[in-house]
Amino acid sequence: MADKKIMIVAGEASGDMHAAHLIKALRELEPSAQFSGLGGERMEQAGARVYYDLTRIAVVGFQEVLRNLGKFRGAFKLFLKEARAIRPDCVVLVDYPGFNLALAKQLKRLKIRTVYYISPQVWAWHRGRVKAIRKFVDKMLVVFRFEKEFYEEEGIEAEYVGHPLLDIVRPSMNKEEAFTRLCLSFKRITVALLPGSRQQEVKKLLPVMLEAAKLINKTIPPTQFVILRSEAVAKEIFEGAISRSGLRVSLLEGNTYDGINIADFCIVASGTATLEVAIMERPMVVVYKTSLLTSFIARCLVRIPDIALVNVVAGGRIVPELIQSDATAQKIAKESVGILSDPERIISIRRQLQEIKEMLKPYGAAQRAAKIIVDFIHP
């Protein structure tokens, strides 16, 4: 029997991470399988042949996509060329809906079967994409329980596998080691800043977060700060923002969970990171800024009251969200100080975050997804 060929497409740092874990799980069940596709360094390290690193052009917003349209088209055409040549047993699409749903349409024409792992957030916005999923995707693997219910109401069969972050979000060292490595004090309140994994996110959010940090430090001295840097964003961007702020702050690279683990509180860019912080049960404030055009279009399309995943999963706002014009240093500092100064509120938030963690179970999402995919390619 010929070796199975599986192609995977992941377009952002988080998707690249989840794809890499999925590849490792698939290899355990299908050792001779061949993997290739579009993704990043983690997919490559997991043994996939990566034709183009999509994580290098990870962007959010309509204007940003337009500026990089040529790169996206090039990667799109390259993938389809390889898919025609390889004729894979299936293509696994990981999140990244704007790109992946267009790809699913072309793959359907080529009679190549697709599995979607980590659903587009069609329940939140761009609900019209449900039609494309129904028409072009062969199997949906979802990571939130409410997504399974949503798709079933839309007449689409979806299998719930649990959330893969539960198996990933773990510190690599104990708190004492982390404090020592970062030259931080055990006795001070520690605030972690997570400004995102895309370059334009960091450029917009980090300066505001640093100004908020200065205000927090004036109100609750002496507070210490650590910035958790995504390796997908150039170090120079972080160093420049720190230098301009004049704030003494530690920069932690590649050890996000160790940084969250030592933090008493986190200021987080909306996205996957809010769930990572929730799993580690740290109180937080969620912030986000994007271009005016993107913000306007998003307001017209978004169908839910909260945008932070931690609040969406909870079914209500348990941590503050400061979006667009509300994402000012003054408001971020006020919300942060309000929580840090209220022990009962901290206990309440942590209790609710524990409940969210329970909602994401069971553990073993990548292994469960891999088993479904292997069964899918062995009809």
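The model is predicted, so local features need pLDDT of at least 70, side-chain atom pairs count only at pLDDT 80 or more, and totals for chains, interfaces and linings use all residues. Residues are numbered from 1 along each chain as its sequence is written, and side-chain values use heavy atoms, with hydrogens and water left out.

Helices (H or I, at least four residues) and strands (E, at least two) are DSSP runs, numbered from the N terminus. Two strands pair if DSSP finds at least two bridges between them. Six strands form an open sheet with parallel pairing, in the order S10-S9-S8-S11-S12-S13. Strand S10 (250-253) and strand S13 (321-323) stand at the edges. Each has a single partner strand, so one side of each lacks a neighbour in the sheet. From one strand to the next, the twist averages 20°. The angles behind this value run from 0 to 180 degrees between N-to-C directions, and the axes are lines fitted to C-alpha atoms, for helices over the stretch in contact. Strand S9 (residues 223-229) pairs with S10 in the parallel sense over four bridges. Opposite Ile-227 stands Leu-251 in S10.

Strand S1 (residues 5-10) pairs with strand S2 (residues 34-39), also in the parallel sense, over five bridges. Lys-5 has Gln-34 in S2 as its bridge partner. Burial is judged by relative accessible area: buried means under 20%, exposed over 50%, and partly exposed in between (1.4 Å probe, protein chains only). Five of the six residues of S1 are buried, so this strand is largely enclosed by the rest of the structure.

Helix H17 (residues 343-359) has 17 residues. The expected span of a helix is 1.5 Å times one less than its number of residues. For H17 this should give 24 Å; the end C-alpha atoms are 25 Å apart, which agrees. Its buried residues are Ile-346, Ile-349, Leu-353 and Ile-356. They cover an arc of only 75° around the axis, which puts them on the same side of H17. The arc is that of the directions from the helix axis to the C-beta atoms. An α-helix has 3.6 residues a turn, so residues three or four places apart point the same way. On the other side of H17, Pro-343, Glu-344 and Ile-347 are exposed. Contact means heavy atoms within 4.5 Å. The buried residues of H17 pack against helix H13 (272-279), strand S12 (284-288), helix H15 (309-314) and helix H16 (329-340).

Helix H7 (residues 145-153) has the buried residues Glu-147, Phe-150 and Tyr-151. They span an arc of only 90° around the axis, which puts them on the same side of H7. Glu-149 and Glu-153 are exposed on the other side of H7. The buried residues of H7 pack against helix H6 (129-136), strand S6 (139-142) and strand S7 (158-160). Gly-155 follows H7 and has a positive phi, near 80°.

A nonpolar core is a set of buried Ala, Val, Leu, Ile, Met, Phe, Trp, Tyr and Cys residues joined through side-chain atoms within 4.5 Å. The largest such core has 108 residues. Those with the most contacts inside it are Tyr-117, Ile-267, Met-284 and Val-310. Beyond its neighbours within four places in sequence, Val-310 is in contact with residues including Met-284, Val-286, Leu-353 and Ile-356. A second, separate core of 36 residues includes Leu-80, Leu-101, Leu-103 and Leu-107.

Some backbone sites stand out. Most residues other than glycine have a negative phi, and most peptide bonds are trans. A cis peptide bond joins Pro-221 and Pro-222, with omega about -10°. Pro-222 is found in the loop between helix H10 (199-219) and S9. Another cis peptide bond joins Lys-361 and Pro-362, with omega about 15°. Pro-362 is in the loop between H17 and helix H18 (365-377).

His-163 lies in the loop between S7 and helix H8 (165-168). It is buried, with a relative accessible area of 6%. Leaving aside neighbours within four places in sequence, the contacts of His-163 include Leu-360 and Pro-362.

Arg-87 is not a glycine, yet its phi is positive, about 50°. Arg-87 lies in the loop between helix H4 (69-86) and strand S4 (90-94). It is partly exposed, with a relative accessible area of 39%. Asp-95 also has a positive phi of about 50° without being a glycine. Asp-95 sits in the loop between S4 and helix H5 (97-109). Its relative accessible area is 24%, so it is partly exposed.
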